[in-house]
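Reader: Could you take me through this model? I would like to begin with the aromatic residues.

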Amino acid sequence: MRSKRTQKPSSVVTGKSAPNGIEARDQTTLLPDECTFGGNGDRLPIRDVDVRATPSHGLTEEVIERKQSESANPVAPTTTAPVRDDRDEIVATVVTFRDITERKQAEEALLASERRYHDIFTFAPVGIYQVARDGTLLTSNKALAEMLAYESVDEFQRVNFAYLYFAPDEGEKLIHEYEAVGFAVDLELQWKRKDGAPIWVQVSAHAIKGTSGATEYFEGFVRDINDRKLTEAALRESEERFSRAFHSNPAPLIITRLDDGRFLNVNDAFLLAFEYERAEVIGETVRSLNIYVDPEDRKNLIDKLQEQGALRGYESQARTKSGRILDLCVSVEPITLQGQQCILSTAFDVTERKRVEAALRQSEERYRELFENDKDAIYVHDLNGLYTSVNRAAEKLSGYSRAEILGKPFRDFVSPEYLGQVGENLRKKLEELGETNYELEIIKRDGAHVPVEVSSRLIYEHGVAVGVQGSARDITERKRAQQALLTYSRRLLAAQEAERGRIARDLHDQIGQMLTALKLNLHAIQSARNEGEASLLIKDNLKMLDEALEQVRDLSVDLRPLLLDDLGLVTALHWYVDHQAQLTGVHAKFTSDSLDSDLRFSADLETACFRIAQEALTNVTRHAHAKLVTVRLSRNRDYLILLIEDDGVGFDIEGLRRHALASATLGLQGMEERAHAVGGRIKIDSAADKGTQVFVELPIAMPNGRKPQPHDE
């Protein structure tokens, strides 16, 4: 290709001259054999010709590049015009180039902007989309595709946008909103992932409208807020659980501000325990409600909380609305609510527990006091027989100190012949779950054997036997009493036999002899020679009969006086004193003070009093050698008093009890037994050559069981 360049301002002419006087700022002549442009002679703009498609005709890429390389500024062909000769043949082509510096700059800026937008669009951390009104995705970025779990943007863009909504009409509603308002900001929606799983997203979108004002498509930005929403849901659920736990907790719960103790929330248990309505508490402070009994308690609590970070088991006392004092065990945790430092307090009401603990301590103290002061020896030993606890009485009983007993086995203190019995009783306790009672002998420190009565039972912990608790009572005196009772029983039997012998002798020696004499007299009367002799014998028989009757009457009185049953104590005792005086010849005097002769007392009282007097007068007759005896029966308020005194030889009563034969003291014991049987007492004072005084005091009980009234006196 041959070309010619002419240096005219802003023009290049093709051929010899520009056709029709055409001038251009910058023209290039193309030879006909090199280029044919616009074959029909029309002037066509370079932009309408694909120079690359017609490289051998007219304007070629090479020509354009040459021109661009020759120009100081970027240029581009704008118009072409064929040059024809007289035969109307094209001999040249005029091409006009235009300076495109500004356009190039704009294109480069646009390209750079497009690259930046492409980078932002492609690599943005948020999802970006453009969607048609019918739901067709026009474009989207990788972030959105990945957010919705699609493998690529292409896969995602094959999905209709309506699939993302769970509700069929939700997308349509949003379209109407976008069109009505023009945009939507930070909508929180639940979309559907590729696998159908829900995901929370935050969408900001706007409608893109054309020149006609109609919506062409929608453009939006999507942020993944699923984790945030799940966290918020978990937080709400946690708060709801906390709220339910807070308000349904049976222990009083309180939330107060740290700085001033103002109540922010309390649960129902607090309101119930402290007797308030909710409106009376919320917004008030612990000081205004006068909650703490000790005003310094809250300060101490806060100090400990700040020192330790949390509190457990802080004991305090609080005041209810009515002024009732509660013992509290408080646990405190620091919390933050809406940026405020607060404390969550759990106040367990331990008033009842404190009361029980105090009662338990008192009970333990009483038990310890009873344990230590009990007169019986009390002990505890384990199942191996080793003593773990003993009281003072055990020390006194055994003669060993507590330190010498503890840790030692019981076999060291029990007489060998009783060890088998102790083991057998332990076996019974283990098998029969009961208490055992038995007697054994222990060996004291000095070697003496002491009889004791043991009562013991098992001790259990959590249903398992761990030891034995028991008591041991010194029964030395009881054994002596039992022996004395046995001796007394023997004496009583001997006395009964002696009394039977006396009655038998009286019957034989007196009444028997009289009856024998009567029999002989009767035989004599049969053989009497005359009436006078028979009359004397009959008279003698009658006399013996009178004596026999008198002796029978005396025996009857000894056994049971009929006057006592018929006429009462006063009359019977008066008669008996006189009768004894007649029989014994001892001067006797009876007085009854102001007691009426027909006054009656209970049968037991009358019998006891009469028998005591009878025994005392018998002793006077047999032993006192007295000349005078006085019997006085009187009453002192609710007691019947019997006083018997004689001027006889007297006796040493204590010496008699210690050294005399059993039969010698049987009468005295009988008198004491009778007095004690009706709740009374007897006192005997006597000394050699001083006579004897018997004082008897018996409580009065009337026949109907009532005590006598003043008018009975």
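**Aromatic pairs and cores**

Author: This is a predicted model. Phenylalanine 246 counts as buried, at 2% relative accessibility.

Reader: Is phenylalanine 242 buried or partly exposed?

Author: Phenylalanine 242 is partly exposed, because its relative accessible area is 39%, which falls between the 20% and 50% limits. Both phenylalanine 242 and phenylalanine 246 belong to helix H6 (residues 226-248), where they are four residues apart, about one turn of the helix.

Reader: Which residues form one aromatic cluster?

Author: Tyr129, Phe161, Tyr165 and Trp191 do. In the whole structure, a search finds 14 aromatic pairs. One of them joins phenylalanine 161 and tyrosine 165 edge-to-face, with 6.1 Å centre to centre and 70° between the planes. Phenylalanine 161 is buried at 7% relative accessibility, and tyrosine 165 is buried at 8%.

Reader: Turning to the core, how many residues has the largest nonpolar one?

Author: It has 40 residues, and Leu633, Leu640, Leu642 and Ile644 have the most contacts inside it. Helix H18 (603-624) and strand S22 (639-646) are among the elements that each supply at least two residues. H18 gives the most, with nine residues.

Reader: What does leucine 642 touch?

Author: Leaving out residues up to four places away in sequence, its contacts include Leu573, Ile612, Val631 and Phe695.

Reader: And what is the average pLDDT?

Author: The protein averages 80, and 83% of the residues score at least 70. Over residues 1-57, however, the pLDDT is below 50. Residues 702-713 are also below 50. Where pLDDT is low, the predicted coordinates should not be read in detail.

Conventions. Residues numbered from 1 in each chain as written. Predicted model: local features only at pLDDT ≥ 70, side-chain atom pairs only at ≥ 80, totals over all residues. Heavy atoms only, no water. Core = buried A, V, L, I, M, F, W, Y, C linked by side-chain atoms within 4.5 Å. Buried < 20%, exposed > 50% of the residue type's maximum accessible area, 1.4 Å probe, protein only. Contact = heavy atoms within 4.5 Å. pLDDT = per-residue confidence, 0-100. Phe/Tyr/Trp six-rings, centres within 6.5 Å; stacked < 30°, edge-to-face > 60°.
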